[in-house]
Amino acid sequence: MAMTARGASSDPGTVAIDFLEKVRVGKLDLEPGGDTALSAQTAGEKKLEIAKRLERMARDLGNDPLEVSEVKMDENFAAVLVRKIGGYDPGRLQVFPVALVKHGMEWSAAPVPASFENAGAGYAIALRKRLESLENWMLREQVLDLEKLREQSAARMRAKIQVSLPIEELRKFSPKEAAERFLAACEKKDLPAILGMLGGLSADLPNDWPARLKGADNAVNAGSQAASPWHLLTSPEVLRVVVRNEEDEGSHLVSIACLDPSDHDSRTSQARVEILHFDLSKTSDGLWRIDPPDAFLRDTADDEDETDDETDAGLVEEFPTKWRLAHPATPRIHATEAHGALIAALQADTPIPVLNLAKLNSEPALASKACIAAAKLWWTFHDPTSVHYAMPLAFQENGNAAAGLFQFFSLREPDRLDLQILYFEKSEKGWQWTPNPDTATRESLKQKIDPEIHRWTDEWQQNLLADSYELKEIPNQAAPPKEDAQKLVEEWLRACQAGDVKAALHLTARLPDPGGATTVLRNLGHEITSARRSNVSSRVSGIYQGKIWTAVGMKIDQGGKSSNPLYPVIQTPNGPRVLIEIDLFSSRGREFLNKTALDRLQKLGSATAADDLRSLFADFQNQTDIGKK
């Protein structure tokens, strides 16, 4: 009965898609009796050849969704055509033929695409003719079905676009609304709406439609790595606003000012505002269409595009005024509220909340300078190449002026003192952060701020470490349960990957060493920097429980290289915590550093605690490849 139930759910189409999904993610068990009908008589050399073919297929599969197109069955054999239908570019559409063999009640995919080769199908002449017929059908119908799929792609594309951008809505836009709708679609990475604004709903697609489609598709799929100039329209760190929309000989010229804090003028090392120009027109069927410049349609960016520097300079000065019209300021009633709002805004996913808290001068040049300063301040804490943390230390208020003292902690330089003062001013509308404080504001707070600077120069590290539990002595408690230790380390690694210094420190413990702050912060900096690198994957390789410690062993892979750290976890009155200053790695060349870390634990903790952790580390080493060698 159990076999009957399984067989009933074994559908050739479902099995074919399941096979391709496993190929896609590289988790196909290519062994006899595994995920395919691979014959046990298949030679090792042939298996390697099949594996390479499947790797190439995985690249072709990409990330697009799959659907069954056609199924042809012949008793215990079947041929299935599976379509890759995602995306809007007809060039990305593909059809994958999958051969299947039925054993008992279950279908299994043949290991070789479009073939029953190495599937143990047998060699009888009559059977081979039947299988050749199925194989020929797959190869022939693969071509025909792909042609049919591409013919249908335009209709599919229009249907998907209209879900995000109804055609009647596009028809009724004013020129200003059309420009803003295009900008909003780019900011949200709403590819269907972007394509609709680029002419994807028109009865006659633009002559350069393949280039438009490819450019927009690449930009959205690239995420934060989109190339310029698409980067200026889609990246969350860029501030952008329409600064001009005027009619010119029947068409409209739209100009968008983009402030990119990640891009700096090579002459001034300052972030800059860049102007993008688009033509906006109506098609013969009455639909608005954005016509992007050539730079958006090329595979590579070209910095030599001609621009009207004088015109663009005037539009750059329009940025603060147009921004404030689109994004009203958000002053606060009290100075302390403005201070707290700025701290929160620095952690936001975009610089918009920071700029909305900023006081912009009425003079265009000073207002532009304030906008750039706001974007630059936010970028300091979101630049993926370096992790900073704005640690609030003190706040002082005097009449209509106030100031917050911050330590801009850098993981690259954990010992470096970088005290910064952020000023606030009160107007009729309320309290705002002022990127360009005048001399009077600075002077009015000098007597209150100077003592704070003197105080925190030597105390900021201890303040930063306040969230880390200090072990005055090694607690006389049993080691944490394995499950709790694993959960803690995984949560701590997530905080590191997010670059959340405060959250990561909250999950740690530290030894009672007045000079140990640097060690803790340096190790934390190393962990966060490593965790935030691209293509990093980690998994728990073992959990080791002693009398005092529960240690969690990890295997971390990046760029073809592996490391094997062991994280000691101890039970504290506040719950289990990671002792990150005792950094242990099972690898060659680490013997001296591992010994130094354990000796430090013995000196500042206890011999018993050090011996317990030594024993766990030895077990960890014995179970890693390095230890076995």
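In helix α12 (residues 335–345), the buried residues are A335, A338, H339, A341, L342, I343 and A345; buried means under 20% relative accessible area, computed with a 1.4 Å probe on protein chains only. Helices (H or I, at least four residues) and strands (E, at least two) are DSSP runs, numbered from the N terminus. An α-helix has 3.6 residues a turn, so residues three or four places apart point the same way.

Contact here means heavy atoms within 4.5 Å.

## Basis of the description

The model is predicted: local features need pLDDT of at least 70, side-chain atom pairs count only at pLDDT 80 or more, and totals for chains, interfaces and linings use all residues. Residues are numbered from 1 along each chain as its sequence is written, and side-chain values use heavy atoms, with hydrogens and water left out.

## The sheet of β1 to β4

Four strands form an open sheet with antiparallel pairing, in the order β1-β2-β3-β4. Its edge strands, each pairing on one side only, are β1 (66–74) and β4 (106–109). From one strand to the next, the twist averages 30 degrees. Two strands pair if DSSP finds at least two bridges between them; β1 and β2 (residues 77–84) run antiparallel and are joined by eight. Within this pair, M73 stands opposite A78 in β2.

Helix α2 (residues 12–25) lies across β1, β2, β3 (94–103) and β4, and runs at about 130 degrees to β1. Axes are lines fitted to C-alpha atoms, for helices over the stretch in contact, and angles run from 0 to 180 degrees between N-to-C directions. Helix α4 (residues 125–164) also packs on the sheet, where α4 touches β1, β2 and β3; the direction of α4 makes about 20 degrees with that of β2.

## The hairpin of β7 and β8

Strands β7 (residues 271–282) and β8 (residues 288–291) pair in the antiparallel sense over four bridges. D279 stands opposite D291 in β8. Five residues lie between the strands of this hairpin, in which G286 takes a positive phi near 80 degrees.

## The pair α6 and α7

The axes of helix α6 (residues 175–187) and helix α7 (residues 191–200) come within 8 Å and cross at roughly 145 degrees. From α6, the residues A178, R181, F182, A185 and C186 meet A193, I194, M197 and L198 of α7.

Methods:
Buried means under 20% relative accessible area, exposed over 50%, partly exposed in between (1.4 Å probe, protein chains only).
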